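The sequence and the structure come first, and the notes follow.

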Amino acid sequence: MYQSPRGTQDILPEDTVVWRHVEHHAEATARRFGYAEIRTPTFEETGLFERGVGEGTDIVDKEIYRLQRKESGADLALRPEATASIVRAYLQHGMASRPQPVKLFSLITAFRYDRPQAGRYREFRQFDIEAIGDEDPLIDAEVIGVLWRFLEELGLRDLTIQLNSIGDPVCRPEYVKALVAYYEPHEAELCADCRRRLHTSPLRLLDCKKPGCQPLADNAPRTIDFLCKPCEEHFSALQGYLEVMGLPYELTPRLVRGLDYYTRTVFEVVPPKTGSQAAIGGGGRYDGLAEILGGKPTPGVGFAAGMDRIILNMREQGCSLPTADVPDVFFAPLGDQAKLVAARLAEEARRDGLAVVVGTGDRSMRARMRQAGQSGARFAVILGNDELREQRATVKNLAGGEQQAVPFADLTTFLAPTVRHSDVEQEAAL
Ligand code: HAM
């Protein structure tokens, strides 16, 4: 028997209701902040990620899914994230001529060949937003605000916003020099990954999770002590905005993130139970990315939230989740003649906007009613021998048990208001 590939998940009907709830909320939150939806391809030229996300990052060096198409020779890869693609689309479609910043959101499936474990998959979903074309720190604050509002309104609690600034091409070289100088005398104490990174991407040493490397990282020079004046002013203005917006952040000097395109602001949101896979969302500013991709210098800032991890955390924290979709009405016909009547009446009820399931197969009325109960419907329309003879259906409230005879001709006009009235009663009872 085939199984789903390692690191992927089947999302079953009882779970898709939860996913839809979270996705709708993502979209509604983005719209409230003035973001419009963009959809980009699932695969792109590999070079877009190599240049955008950066060679030397784990995502590009170890985790890219390359697509082999012998005949075309094109070097394509499944997207490991959304930002590079969205900035590519911004440049390709001349969005610089639109009012700036261009504010976009996307709900994507992303792919990374990583070691699967709880909350870490090879195929996963992200809610991504990008504000391109403005370097005002107010937009950084707003982007963090979208993420915070989204998570808070899902009912997640005790989250922390970790915040740092990693400078820009003016001040970062000084910082990197100081960082390498700090680490070099300790090279022998570092793990193999860090020894390699010391000469390729030294910033990454700061978020090494190996116990042996932790004390060194704790005492390493801090990016914020090396910021040039414009970066420092940007960072302090950002903090001012976060404070007036009531967004609780913690300065986290070791936060550097795993993608190369960041400048200045970086942030992550972590749930209370921390671990190496803890971040449920992260992002930052990428003022150099458009230029790296061949466009004019264009500032940008955004985040991606990991939807799979958000749902895991919502379950762990006992957040309220929607339950499975249930039909409004279950038609319970007995015999072939009744099935014909059911097919006709059910269609009329659907035309009226009701969610209707008709019992199929040959079953006794007892088995039919069991089917009705299992369907979760609130009303059953019973069509047995007596009902056919009298041309009146028995409408039964499956929760309360009370029932009523309704002439076939009146069924549609009877059902819709009855179902809606019971909706209102149910909500009032909650
Ligand atoms: P990222 O930190 O690589 O950033 O990913 C964002 C979020 O996606 C993570 O915080 C995590 O919740 C989720 N995630 C990442 N990898 C996995 C995985 N293997 N399995 C499950 N969830 C995962 C980015 O992707 C940037 N593009 C964010 C950004 C947008 N920066 C600026 N704009």
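Helix H7, residues 192–200, has Cys 194, Arg 197 and Leu 198 as buried residues. Viewed down the axis of H7, these buried residues fall within an arc of 115 degrees, so they line one face of the helix. The model is a predicted one.

- Ala 192, His 199 and Thr 200 are exposed on the other side of H7.
- The packing partners of the buried residues of H7 are helix H3 (58–61) and helix H6 (172–183).
- Arg 204 sits in the loop between H7 and helix H8 (214–218).
- Arg 204 has 18% relative accessibility and therefore counts as buried, the cut-off being under 20%.
- Two polar partners of the Arg 204 side chain can be named: the side chain of Asp 207, in a polar contact of 3.2 Å, and the backbone oxygen of Arg 257, which lies 2.5 Å from a polar atom of the Arg 204 side chain.
- Not counting residues up to four places away in sequence, Arg 204 touches Arg 197, Val 256, Arg 257 and Gly 258. Of these, Arg 197 is one of the buried residues of H7.

**The ligand site**

- The ligand is surrounded by 26 residues, and the closest are Glu 81, Thr 83, Tyr 121, Arg 257 and Tyr 262.
- The side chain of Arg 257 has an N or O atom 2.8 Å from an oxygen atom of the ligand.
- Ala 279 places a backbone N or O atom 3.0 Å from a ligand oxygen atom, and Phe 303 places a backbone N or O atom 3.4 Å from a ligand nitrogen atom.
- On its own the ligand has 660 Å² of accessible area, of which the protein covers 95%.
- At least two residues of the shell around the ligand come from each of strand S6 (123–132), strand S10 (281–285) and strand S11 (300–306).
- By residue class, the shell around the ligand holds 10 nonpolar, 9 polar and 7 charged residues.

**Helix H13**

- Within helix H13 (residues 365–375), the buried residues are Ala 367, Arg 368, Gln 371, Ala 372 and Ser 375.
- Seen down the axis of H13, the buried residues fall within an arc of 150 degrees, so they line one face of the helix.
- An α-helix has 3.6 residues a turn, so residues three or four places apart point the same way.
- Arg 366, Arg 370 and Gln 374 are exposed, on the face of H13 turned away from its buried side.
- Strand S12 (329–333), helix H12 (336–351) and strand S14 (379–383) are what the buried residues of H13 pack against.
- After H13 comes Gly 376, with a positive phi near 85 degrees.

**Helix H2**

- Helix H2 (residues 46–54) is mostly covered, with 7 of its 9 residues buried.
- The buried residues of H2 are Thr 46, Leu 48, Phe 49, Glu 50, Gly 52, Val 53 and Gly 54.
- Their cover includes strand S2 (43–45), H3, strand S3 (66–67), strand S4 (76–78), helix H4 (83–92) and helix H10 (289–292). H3 also packs against the buried residues of H7.
- Gly 56 follows H2 and has a positive phi near 100 degrees.

**Backbone geometry to check**

- A cis peptide bond joins Gln 100 to Pro 101, with omega near -5 degrees. Pro 101 is in the loop between H4 and strand S5 (102–111).
- Arg 264 is not a glycine, yet has a positive phi of about 55 degrees. Arg 264 belongs to strand S9 (residues 263–270) and, at 10% relative accessibility, counts as buried.
- Gln 391 is likewise not a glycine and has a positive phi of about 55 degrees. Gln 391 lies in the loop between helix H14 (385–390) and strand S15 (392–397).
- With 46% relative accessibility, Gln 391 counts as partly exposed.
- Apart from neighbours within four places in sequence, Gln 391 is in contact with Pro 407 and Phe 408.
- From C-alpha to C-alpha, Gln 391 and Ile 144 are 62 Å apart in space, and they are 247 residues apart in sequence.

How values were computed:
Residues are numbered from 1 along each chain as its sequence is written. This is a predicted model: local features need pLDDT of at least 70, side-chain atom pairs count only at pLDDT 80 or more; totals for chains, interfaces and linings use all residues. Side-chain values use heavy atoms; hydrogens and water are left out. Buried means under 20% relative accessible area, exposed over 50%, partly exposed in between (1.4 Å probe, protein chains only). Helices (H or I, at least four residues) and strands (E, at least two) are DSSP runs, numbered from the N terminus. The arc is that of the directions from the helix axis to the C-beta atoms. Contact means heavy atoms within 4.5 Å. A residue is near a molecule or strand if one of its heavy atoms lies within 4 Å of it. A polar contact is a pair of N or O atoms within 3.5 Å; within protein, one must be able to donate a hydrogen and the other to accept it, and residues adjacent in sequence count only if both atoms are side-chain atoms. Accessible areas come from the Shrake-Rupley method with a 1.4 Å probe; for residues, only the protein chains shown count as cover. Ala, Val, Leu, Ile, Met, Phe, Trp, Tyr, Cys and Pro count as nonpolar, Asp, Glu, Lys and Arg as charged, and the others, Gly among them, as polar.
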